[in-house]
Amino acid sequence: QVQLVESGGGLVQDGGSLRLSCAASGRIVLINAMGWYRQAPGKQRELVAIVPSGGRSNYAPSVQGRFTISRDNVKNTVYLQMNSLKPDDTGVYYCNAVVYGLGTHGNYWGRGTQVTVSS
C-alpha cells in the first residue's frame, strides 16, 4: 500500500505565497507522474500542475507563471510553490501520484490540504 500525505496549506491574503508538500511512502519501486489537483466549493476537481518522472512539467493556464511544481525523487516528495495567490485559488489541494510497486501499480491520492486566499 502507498500513502500520500500533504502539508503546507493554510490561510493567506491576496498576493501572498504558500508552499505545499506531499510525501509518498509505502511499497514504492518507482513513481511516475506526480501532480497537484484542486477542488473549489461547488466545482469539479481540476488539474493544477503535473511533473513526470522525466520531461517537462505542465500547468493549468490559470496558474502558469505563478505556481511552480518540483519533486525530490530521493524523498519521494512533490512540492507546489504558489506565489501571487488569488481568491480564485481557494480550494482543497490534493496530491496525486502514479506509483509502481513489486508487480503492482496504482493511482494514489492524498487526503487534501485546504488553501484559503482572502481578498
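**View 1. Contacts of Thr-68 in the predicted model.** Leaving aside residues up to four places away in sequence, Thr-68 touches Tyr-59, Tyr-79, Leu-80 and Gln-81. The model shown is predicted. Thr-68 belongs to strand E7. Its relative accessible area is 43%, so Thr-68 counts as partly exposed, a class that lies between buried, under 20%, and exposed, over 50%.

**View 2. Pairing of strands E3 and E8.** Strand E3 (residues 18-26) and strand E8 (residues 77-82) run antiparallel and are joined by six bridges. Arg-19 has Gln-81, in E8, as its bridge partner.

**View 3. The largest nonpolar core.** This core has 27 residues, and those with the most contacts inside it are Trp-36, Val-48, Phe-67, Val-78, Leu-80, Met-82 and Tyr-93. Elements that give two or more residues to the core include E1, E3, E7 and E8, as well as strand E4 (30-39), strand E5 (46-51), strand E9 (91-100) and strand E11 (113-118). In soluble globular proteins, nonpolar side chains tend to be buried together.

**View 4. Surroundings of Met-82.** Not counting residues up to four places away in sequence, Met-82 touches Gly-16, Ser-17, Leu-18, Leu-20, Arg-66, Phe-67, Tyr-93 and Val-115. Among these, Phe-67 and Tyr-93 are, like Met-82, listed with the most contacts inside the core.

Methods. Residues are numbered from 1 along each chain as its sequence is written. This is a predicted model: local features need pLDDT of at least 70, side-chain atom pairs count only at pLDDT 80 or more; totals for chains, interfaces and linings use all residues. Side-chain values use heavy atoms; hydrogens and water are left out. Two strands pair if DSSP finds at least two bridges between them. Helices (H or I, at least four residues) and strands (E, at least two) are DSSP runs, numbered from the N terminus. A nonpolar core is a set of buried Ala, Val, Leu, Ile, Met, Phe, Trp, Tyr and Cys residues joined through side-chain atoms within 4.5 Å. Buried means under 20% relative accessible area, exposed over 50%, partly exposed in between (1.4 Å probe, protein chains only). Contact means heavy atoms within 4.5 Å.
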